Structure formats: C-alpha cells, structure tokens
Amino acid sequence: MHLFTSRSLATKISLVTLLPMLAFLFYAGLYYDANRREAAIAEVMAQNAELFMACSALVGELQRERGRTGMFINGGIGETELQAQRAASDQKVTPLQSAIQKSSLTNDATTLLAPLAELAGIRREVAPGATAPVLFRKYTALIERLQAIQHRLLHAPTTRGVGKNIASQIILESAKEY
C-alpha cells in the first residue's frame, strides 16, 4: 500500500481507472469478435437463402414440366406448349448454378449440378406413346435430388433461429411434391 500512497494524484487516478478501462477494452473486443463472426454467418445465410430460392424455383418449374410431359404423352397438349414449359424450366437453371457457386456448398458444385445433366436424357425419351409412368418417376427422382440440395442447407451455420425457418420451408417444399 506504501507504493500507492507515495504517488501523485494524477498517477493514482490513472491507476484506479486503468483496471476498469482494460476490462472495458477486453469485453469490447469480445463483443466485436462475436459480432464479426455473426456477420460472417449472416453472409453465408444470405447466399444459402439465394440457393434455396433458386432451387425451389427450378423444382417448381420441373414439377410443371413433369405434368405437361404427361399431358403431352397422352395427347392433352401440343409440343409447342411442352417446349414453352421446358424453356421456363431452362431459365431457372442458370440462377441455380450461380447460387451454388456463391453458397457454402460451392465445394460440392459438380456433385450438386449432376442431376441437371439427367434432364436432357429424360427429355429425349419424351415422345407421343412413351410410357408416362416411367418418365414421371424419372422426373420425380430428378426433383428429389434437387430437393436434397435444400436439405444440405440445414447443416450450414445459421443464427437467430433462421435454421428453424429453413427447416419449415423444406417441409413445405417437400409437401408440394407428395
């Protein structure tokens, strides 16, 4: 205590305020670091949300294409209407490819985009008189593989309950299929 009493008033005030100031700076650093990490997670979530929406849009168009393909095979619509739906489906492919490249799943882009290569093969099989149930199952398998992308997003880091919202959206997307 003798060391403290022999100091000047300015030194005493400095020493007394130093400990709270150091504590404040320490906790400010912790707060900054936590916010920085949360901001990084929020950025990943935004990219994954874009992927989710792009995948959902493509799945919706492929579901329509699957239905119109069945109608075409059974003579309910003409080839022009089927081609228009295929064009609508094709317009959703590029946004999905772009979203995968920007998402947290970019390392698996080749694997995730593999189902899209099957689409051309399925379309080549479509002709009047083709077996509609077989093509229906092929379209369904393709759609399920695309929906698996959305399921992978559940394992990505989220914050503030967003993961629960993603799970709810996946349930709704799956319900549309069944």
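Is Glu118 buried, partly exposed or exposed, and at what relative accessibility? The legends below, drawn from a predicted model, include the answer.

**Figure 1. Overview of the helical chain.** The chain contains 7 helices and 0 strands. Of its 178 residues, 33% count as buried. Among contacts with a separation of 6 or more, 72% are between residues 24 or more positions apart.

**Figure 2. The buried side of helix α4.** Helix α4 spans residues 93-102, and its buried residues are Val93, Leu96, Ala99 and Ile100. These residues lie on the same side of α4 because they cover an arc of only 130° around the axis. Their cover includes α2 (9-73), α3 (79-91), α5 (109-124) and α6 (132-152).

**Figure 3. The salt bridge between Glu118 and Arg145.** The closest N and O atoms of Glu118 and Arg145 are 2.0 Å apart. This pair links distant parts of the chain, with Glu118 in helix α5 and Arg145 in helix α6, 27 residues apart. Glu118 counts as partly exposed, at 32% relative accessibility; Arg145 is likewise partly exposed, at 37%.

**Figure 4. The salt bridge between Lys138 and Glu125.** In this pair, the closest N and O atoms are 2.7 Å apart.

**Figure 5. A salt-bridge network with Asp33, Arg36 and Arg37.** Salt bridges with shared partners join these three residues into one network. Asp33 and Arg37 meet through their side chains at 2.8 Å, N to O. They are separated by about one helical turn, because they stand 4 residues apart in helix α2.

Key
Residues are numbered from 1 along each chain as its sequence is written. This is a predicted model: local features need pLDDT of at least 70, side-chain atom pairs count only at pLDDT 80 or more; totals for chains, interfaces and linings use all residues. Side-chain values use heavy atoms; hydrogens and water are left out. Helices (H or I, at least four residues) and strands (E, at least two) are DSSP runs, numbered from the N terminus. Buried means under 20% relative accessible area, exposed over 50%, partly exposed in between (1.4 Å probe, protein chains only). Contact means heavy atoms within 4.5 Å. The arc is that of the directions from the helix axis to the C-beta atoms. A salt bridge is a side-chain nitrogen of Lys or Arg within 4 Å of a carboxyl oxygen of Asp or Glu.
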